[in-house]
Amino acid sequence: MTGFPLRDRMAAVAALLGPFLVSLALVPFRTDLSNTNAALILVVVVVAVAAVGNRIAGAVAALSAAVWFDFFLTRPYQRFTMTDTDDIETAVLLLVVGLIVSQLAAHARRLEVVTVTDADHLRRIHETADLARTTNSADTVVEHVRRQLVELLDLRACRFEYGTLMGQPPRLEQDGAVAVGRRRWDVDATGWPEGEIELRAYGNGHYFGRFMMTPGPGSVPSLKARLVAVTLADQAGAALDTAGLTNGRTSA
């Protein structure tokens, strides 16, 4: 975990320990507290973890909450076994609601950062949204985003690849971090890693392609700029999804 930012590492610890400690604290009250109310309390814990961490931390917290809800707060106690149908339904709902809410909270965290960007960043997002709404060509949106990325991130070059993922280049993630293999790269301290960096474009959960970005010399884009870049790529992915394009072609 040493390759991850301190905030994400703290969120991961909270995701594992938070639901456990809260469930343990509720043990003296479990005979008087309804399981529904106990589950709602644990959902609050999941939301808190997701808000300060990321989607993965939120998902881990949701799973941890469901496990410890079963162990501490449902009969038979201190066993990973539930016999009551209502308890099983509550545990399943806790997991599902926790996963959904954690994703929303993590997404809201990213949007909160984007909303405080300067007027130029907002202009790029609005221009891309207007183009996606008015054009019938997804390729036009992709090309527009490609040019925006060059300017926004001070890139030397950028191209878009449709289709299958090839290789394992450094990747700009949804939270603005850069992953090199299984570890995080500190862009703010050291700049971009060497070589091309990929930024994937998804639409409605489907992968359509990726922007392959070649950083300019000495380029160190801010976290805000990187988050705006991710938002632009999402807009390109949405345009491709709306157009109903299939994976399997390449555009320079």
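The model is predicted: local features require pLDDT of at least 70, side-chain atom pairs count only at pLDDT 80 or more, and totals for chains, interfaces and linings use all residues. Residues are numbered from 1 along each chain as its sequence is written, and side-chain values rest on heavy atoms, with hydrogens and water left out.

**Overall organisation**

The protein chain contains 8 helices and 6 strands. Helices (H or I, at least four residues) and strands (E, at least two) are DSSP runs, numbered from the N terminus. In sequence order the elements follow the pattern α-α-α-α-α-α-β-β-β-β-α-β-β-α.

Of the 252 residues in the protein chain, 42% are buried. Here buried means under 20% relative accessible area, exposed means over 50%, and partly exposed lies in between (1.4 Å probe, protein chains only). The accessible surface of the chain is about 13000 Å², and carbon and sulfur atoms hold 60% of it. Such areas come from the Shrake-Rupley method with a 1.4 Å probe; for residues, only the protein chains shown count as cover.

Among contacts in the protein chain with a separation of 6 or more, 70% join residues 24 or more positions apart. A contact means heavy atoms within 4.5 Å.

Two packed helices are described by the angle between their axes and the distance between the axes. Axes are lines fitted to C-alpha atoms, for helices over the stretch in contact, and angles run from 0 to 180 degrees between N-to-C directions.

Helix H5 (residues 119–134) and helix H6 (residues 138–152) have axes that come within 10 Å and cross at roughly 170°. H5 is therefore roughly antiparallel to H6. Angles under 35 degrees count as roughly parallel, over 145 as roughly antiparallel, 65 to 115 as roughly perpendicular and the rest as oblique. On the H5 side the contact includes His121, Arg124 and Leu131, and on the H6 side it includes Thr140, His144 and Glu151. By class, the contact of H5 with H6 has 5 nonpolar, 5 polar and 3 charged residues. In this scheme Ala, Val, Leu, Ile, Met, Phe, Trp, Tyr, Cys and Pro count as nonpolar, Asp, Glu, Lys and Arg as charged, and the others, Gly among them, as polar.

H6 also packs with H8, at an angle of about 170° and with the axes 9 Å apart. H6 and H8 are therefore roughly antiparallel to each other. Among the H6 residues that meet H8 are Ala138, Val142 and Leu149, while the H8 residues include Ala225, Leu232 and Ala243. The contact of H6 with H8 has 15 nonpolar, 2 polar and no charged residues.

**Nonpolar cores**

A nonpolar core is a set of buried Ala, Val, Leu, Ile, Met, Phe, Trp, Tyr and Cys residues joined through side-chain atoms within 4.5 Å. The largest core has 31 residues, of which Leu149, Leu153, Leu172, Leu199, Phe211 and Met213 touch the most other members. The elements giving two or more residues to this core are H6, strand E1 (155–162), strand E5 (197–203), strand E6 (206–215) and helix H8 (223–243). H8 gives the most, with 9 residues. Another core, of 19 residues, lies apart from it and includes Ala15, Leu42, Leu73 and Ala91.

Ser23 lies in helix H1 (residues 6–26) and is buried, with a relative accessible area of 0%. Not counting residues up to four places away in sequence, Ser23 touches Leu42, Trp68, Phe69, Phe72 and Leu73. The C-alpha atoms of Ser23 and Val67 are separated by 9.8 Å, although these residues are 44 apart along the chain.

His121, in helix H5, is buried at a relative accessible area of 10%. Leaving aside neighbours within four places in sequence, His121 is in contact with Leu152, Lys224, Ala225 and Val228.

**Backbone features in loops**

Most residues other than glycine have a negative phi, and most peptide bonds are trans. The peptide bond from Arg75 to Pro76 is cis, with omega near -5°. Pro76 is in the loop between helix H3 (55–73) and helix H4 (85–115).
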